[in-house]
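User: I am new to this structure. Please show me how to read it, one feature at a time.
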Amino acid sequence: MSFVEVSRLTKRYGDTQVLERVNLSVAKGTFCTIVGASGCGKSTFLRILLSQEVQSSGTVSVDGTALPPEPTPDRGIVFQRYSVFPQLTVEDNLVLAEEFATARWTGRLFGSARSSAKQAVAETLSNIGLMAAKDRYPAQLSGGMQQRLAIAQALLMRPKILLLDEPFGALDPGIRVDMHDLLLRLWREMEMTVFMVTHDIHEAFKLGTRLLVFDKVRHDPDSPEAFGATVTYDLDLKSGPVTEPPTEIADIIYPRPEETTDARSS
Amino acid sequence: MALFLGAIPFLGLAGVYAAASSARLSANPADKLLPSFEQMGTTFWRMATVPEVRTGDLTLWVDTFDSLQRLGLGLGVSVLLALTFGIAIGFVPHVRSALAPFLAAISLIPPITVLPILFITFGLGETAKVALIAVGTAPVMIRSVAQAVLDIPREQIVKVQTLGASVWQMVTRVVLPQVWPRLITALRLGLIPAFIFLISAEAIASTTGLGYRIFLVRRYLAMDVILPYVAWITLLAFLIDRALLLFSRRIFRWAFLEGEAL
């Protein structure tokens, strides 16, 4: 049963074709990792799923209905940076969603309403290991702590779909492993459908139950922007994590220098 | 040590002045150009404590109060304009397209050239002086606020939409809080232009105020009034600037966690 349905999706910026003929059908509860070379349109695809950008043609539907024109609470997002609000403490960052929902005009809770909202996020705080840091501002947190907060904040609205745009790209390898565990735990607990763009192929194979590779099928040496990327590999990883990624996929994500020189001389 | 080093230029200037002043005064005890510190102190004390014969006012305090009131009103108007127009220009692309070029042109008008127009329109009263300060400082402040809004990462706006915020909640909880510290910085930078416009307007048409006083006594070469007044105005500007900085640091602590702030 397909949950997210993408059909004949294209995206153009002026003369530059970024995505073309993307067809995809993703089942509910899939952890979909997306890889591809830099500039292949994988982040653009994610932004279209978020309604941050609108496709040039084609359709995207979730649960049978077309995407709304603006980002909505049913799709959570974690960016690589700037996902949390610098002017709010860790705790206030988490209380914010509740404040939006209850206080329509002030967007703020006071007194007992505020303390009960704080109590409601206490479990989340200890879940992501930020209880001791709850009164700190994001600038006082490490990169890993900031991303844990960003993930927790994105999950507050209990989204059906969680979108992650290279969320661990700026983190140290050791911290990444902790983040993987946290993310997989939350994904199982909340039964979400996840789309995660990453530049790290090992991460993609480790986390995903399905792996999509974005790449250009057609090339025009005279105008490289004439053709867009589409899904070239679509791997089912449900049978278990793959420890050694196939080399042909690694070549797509990390193009070898001699290949680029070949393309230039031909 | 830093305090001592910082004090050297001040002490040096005072020393040079004292030497020059005493040299002139020993040649001609009636010299008015470089009064001694004692003379200036006496005059300043008289203006602060002895009621003026004609009006019964304590000149220094009336001047200070009236000037600061004009300054506060003018800058207050500028802050309101900066918040409304700055956020609209920074946040709404259509408003930006419509107003940004106009604002860029307006901010190039030398504000003093508008002063005659203001005097003709509003008369010689308080309104024209307040309006000059607002006209002179608002364009730059509007632009800094608009820039502050533009500097908010796009990710945050998208993120707050996914948290279910309305446009109003977005502006009040994400945009405004991040604009405040930048507005205070703009206000601090606008303080000296604001003083220039205040003193100019008072010099041309007024009956009280710090600017009025120094231009009035200029006719009598009363350097013993002018020099302490200039120092007093500088001190006021310094205190307002420091107060704004301390206020910003205390209320918007999050904005001062990275990097250094002057």
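User: Which helix gives the largest share of the lining of the largest pocket?

Analyst: Start with the general idea. Rolling a probe the size of a water molecule over the atoms shows where empty space is left. Now the case here, in a predicted model. Helix α8(B) gives the largest share of that lining, with six residues.

User: What is the volume of the largest pocket, and how many residues line it?

Analyst: The volume is about 930 Å³. The lining has 35 residues. Nearest the centre lie Tyr82(A), Pro86(A), Gln178(B), Trp254(B) and Glu258(B).

User: Which helices supply at least two residues each to that lining?

Analyst: Chain A supplies α4, residues 143-155. Chain B supplies α8 (167-204) and α10 (223-251). On the chain A side, domain 1 and domain 2 each give the lining at least three residues.

User: How does the lining of the largest pocket divide by class?

Analyst: Count nonpolar, polar and charged residues. The lining has 21 nonpolar residues, nine polar ones and five charged ones.

User: You mentioned domains. What are the bounds of the domains in chain A?

Analyst: Domain 1 is written in two pieces, 2-74 + 159-265. Domain 2 covers 85-158. Taken over C-alpha atoms, the centres of these two domains of chain A are 29 Å apart.

User: Let us look at single residues. Where does Ala154(A) lie, and is Ala154(A) buried or exposed?

Analyst: Ala154(A) sits in helix α4 of chain A. Its relative accessibility is 3%, so Ala154(A) counts as buried. The residues Ala154(A) touches, leaving out those up to four places away in sequence, are Gly76(A), Ile77(A), Val78(A), Pro159(A), Leu162(A) and Lys159(B). Now take a pair. Ala154(A) and Gln17(A) are 137 residues apart along the chain, and their C-alpha atoms are separated by 31 Å.

User: And where is Asp135(A) found?

Analyst: Look in the loop between α3 (111-127) and α4 of chain A. Asp135(A) has 48% relative accessibility, so this residue counts as partly exposed. Beyond residues up to four places away in sequence, Asp135(A) touches Thr89(A) and Glu91(A). Asp135(A) and Glu91(A) are 44 residues apart in sequence, with 6.4 Å from C-alpha to C-alpha.

User: How should I read backbone angles? What is phi of Asp63(A)?

Analyst: Again, the general idea comes before the case. Most residues other than glycine have a negative phi, and most peptide bonds are trans. Phi of Asp63(A) is near 55°, a positive value in a residue other than glycine. Asp63(A) is in the loop between β4 (57-62) and β5 (65-66) of chain A. At 46% relative accessibility, this aspartate counts as partly exposed.

User: What is phi of Arg158(A), and why does Arg158(A) count as exposed?

Analyst: Arg158(A) is not a glycine, yet its phi is positive, about 50°. Arg158(A) lies in the loop between α4 and β7 (161-165) of chain A. Arg158(A) counts as exposed because its relative accessibility is 61%, and the cut-off for exposed is over 50%.

User: Turn to chain B. How many helices and strands does chain B have?

Analyst: Chain B has 10 helices and zero strands. Buried residues make up 44% of its 262 residues.

User: What is the radius of gyration of chain B?

Analyst: Chain B has 23 Å, while a compact globule of 262 residues would have a value near 18 Å. The C-alpha atoms of chain B fill a box of roughly 80 × 55 × 30 Å along the principal axes.

User: How many residues of helix α9 of chain B are buried?

Analyst: Seven of its eight residues are buried, so α9 (residues 210-217) is mostly covered. Among them are Tyr212(B), Arg213(B) and Ile214(B). The buried residues of α9(B) pack against α2 (37-49), α3 (59-91), α8 and α10 of chain B.

User: Finally, where does Ala243(B) lie?

Analyst: Ala243(B) is in helix α10 of chain B. Its relative accessible area is 45%, so Ala243(B) is partly exposed. Ala243(B) and Arg188(B) are 55 residues apart along the chain, and 9.8 Å separates their C-alpha atoms.

Definitions and conventions:
Residues numbered from 1 in each chain as written. Chains lettered and ligands numbered in written order. Predicted model: local features only at pLDDT ≥ 70, side-chain atom pairs only at ≥ 80, totals over all residues. Heavy atoms only, no water. 1 Å grid on protein atoms, 1.4 Å probe; cavity = no way out; pocket = protein on both sides within 12 Å on 5 of 7 lines; lining within 4 Å. Points joined across faces, edges and corners; volume = space filled by probe spheres on them. Helix = DSSP H or I, 4+ residues; strand = E, 2+ residues; numbered from the N terminus. Nonpolar A, V, L, I, M, F, W, Y, C, P; charged D, E, K, R; others polar. Domains from an automatic or database assignment. Buried < 20%, exposed > 50% of the residue type's maximum accessible area, 1.4 Å probe, protein only. Rg over C-alpha atoms; globule rule 2.2 N^0.38 Å. Contact = heavy atoms within 4.5 Å.
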